[in-house]
Amino acid sequence: MSAFSAIGEEREVEQDEFTPSIEPQPTWCPGCGDYGVLKALKGAMSELGKNPEEILLATGIGCSGKLNSYFDSYGFHTIHGRSLPVARAAKLANDGVEVIAAGGDGDGYGIGGNHFIHTARENHDMTYIVFNNEVFGLTKGQTSPTSPKGHKSKTQPNGNAKTPLRPLSLSLTAGSSYVARTAAVNPNQAKEIIKEAVQHDGFSHVDFLTQCPTWNKDAKQYVPYVDIQDSEEYGHDLHDRQAAQQAMYETENALYEGTVLTGRYFVDDERPSYQEEKRARGDMPEGSLAERYFEDGEWERSYDFIDRHA
Ligand SMILES: Cc1ncc(C[n+]2csc(CCOP(=O)(O)OP(=O)(O)O)c2C)c(N)n1
Ligand code: SF4
Ligand SMILES: [Mg+2]
């Protein structure tokens, strides 16, 4: 089966179909939060009836980037911080593909931060999962953009002097049309949030708190958590941008004070995705560029169809 015939095919999809025959057991450390992302993603895609052949997973570099090896679908293990440009290109070349981008806090909020801002601004139709473990896990625990102030690591042995980045607030301000935070310690909520994010038309950003027990000994900070949708104290109208901003600000402060708030923060169903905006202007190719190449064997340059993105 190819990506073209799989798209839109309706059938029951078992979770096991996303387990690869090569390296089915992840090599993440015992207790790593990354297992929670894999479980939630498999569960979400199976419940949505998505075929492995209609999904493209683009990941960055890091322990998080290894998700690509453990989730069986079309995949592109990119370079550090570059999952989003690859994901965008894939979605433009084949609009029917379900595109998921994923990577770490260092990958997405640090080296790839500019791609994050502009992919959100342009509202590209995809889901972006950021494994936020507040360290550079793969390279042995260096301070990352989300490490708490005062956090000690090999690169900051006297404690981090920097104020951490606010991923939710940044995402909202940049233009994401769906913003949520979940945690590996809450797999059912995580699965439901990923399902919503995938179904949303536009750029869906999920900040996924993933404990790193090997390099971030404060890993237990994500337990217990509060789901703001289940809490009278924190509930707000998800379509109200200002209320979302306030809730995000409180959530980001609370995390470093020991209270873990998770849930949905913002949803804009009205805003057209980048793909819809381009289609309305006659700037999107008819059908899939990739399929044309696949069938005709003739390469048509993508910039003949898509503007150069000034
Ligand atoms: C351009 C570039 N700079 C640095 C690295 C080294 N490097 C690999 S992974 C990584 C950080 C990973 O941290 P994060 O994105 O938070 O992912 P995690 O391992 O925590 O999941 C770094 C700095 C690299 N691969 N490429
Ligand atoms: S180093 Fe940390 S993030 Fe990487 S696999 Fe181990 S526990 Fe997970
Ligand atoms: Mg990290």
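Which residues of helix α6 (residues 113-122) are buried? The legends below take up this question together with further close-up views. The structure is a predicted model, in which local features need pLDDT of at least 70, side-chain atom pairs count only at pLDDT 80 or more, and totals for chains, interfaces and linings use all residues. Residues are numbered from 1 along each chain as its sequence is written, chains are lettered from A and ligands numbered from 1 in the order in which they are written, and side-chain values use heavy atoms, with hydrogens and water left out.

Figure 1. The buried residues of α6 are Gly 113, Phe 116, Thr 119, Ala 120 and Glu 122; buried means under 20% relative accessible area, exposed over 50% and partly exposed in between, with a 1.4 Å probe and protein chains only. Helices (H or I, at least four residues) and strands (E, at least two) are DSSP runs, numbered from the N terminus. The elements covering these buried residues include α4 (83-93), α5, β4, α7, β8 and α10, where contact means heavy atoms within 4.5 Å. Directly after α6, Asn 123 adopts a positive phi of about 60 degrees.

**Figure 2. Packing of α6 against α7.** The two helices pack at an angle of about 45 degrees, and their axes are 8 Å apart. Axes are lines fitted to C-alpha atoms, for helices over the stretch in contact, and angles run from 0 to 180 degrees between N-to-C directions. The helices α6 and α7 are therefore oblique to each other; angles under 35 degrees count as roughly parallel, over 145 as roughly antiparallel, 65 to 115 as roughly perpendicular and the rest as oblique. Phe 116, Ile 117, Ala 120 and Arg 121 of α6 make the contact with Pro 167, Leu 170, Ser 171 and Ala 174 of α7. By class, this contact of α6 with α7 has six nonpolar, one polar and one charged residues. In this classification, Ala, Val, Leu, Ile, Met, Phe, Trp, Tyr, Cys and Pro count as nonpolar, Asp, Glu, Lys and Arg as charged, and the others, Gly among them, as polar.

**Figure 3. Packing of α7 against α9.** The axes of helix α7 (residues 167-174) and helix α9 (residues 241-255) come within 8 Å and cross at roughly 155 degrees. The pair α7 and α9 is therefore roughly antiparallel. On the α7 side, Pro 167, Leu 168, Ser 169, Leu 172 and Thr 173 meet Arg 241, Ala 244, Gln 245, Met 248, Tyr 249, Thr 251 and Glu 252 of α9. The contact of α7 with α9 has six nonpolar, four polar and two charged residues by class.

Figure 4. Pro 167 lies in helix α7 and counts as buried at 2% relative accessibility. Its C-alpha atom is separated by 8.2 Å from that of Glu 252, 85 residues apart along the chain. Leaving aside neighbours within four places in sequence, the contacts of Pro 167 include Tyr 109, Phe 116, Asn 132 and His 205. Asn 132 is placed in strand β4 and is buried, with a relative accessible area of 0%.

**Figure 5. The magnesium site.** Asp 105 (OD), Asn 133 (OD1) and Val 135 (O) coordinate the magnesium ion (ligand 3) at 2.1 to 2.2 Å. Donors are N, O and S atoms within 2.8 Å of the metal (3.2 Å for Na, K and Ca); water is not among the atoms, so sites may look incomplete. Along the chain, the donors follow the spacing D-x27-N-x1-V. Asp 105 lies in helix α5 (residues 105-111) and Val 135 in strand β5 (residues 135-136), so the pair ties together parts that are 30 residues apart in sequence. Asp 105 is buried, with a relative accessible area of 1%, and Val 135 is buried at 2%.

**Figure 6. Helix α2.** Eleven of the 14 residues of α2 are buried, so this helix is largely enclosed by the rest of the structure. The buried residues include Asp 34, Val 37, Leu 41 and Met 45. Their cover includes β1 (55-59), α3 (67-70), β3 (98-104) and α8 (187-199). Gly 49, which follows α2, has a positive phi near 70 degrees.
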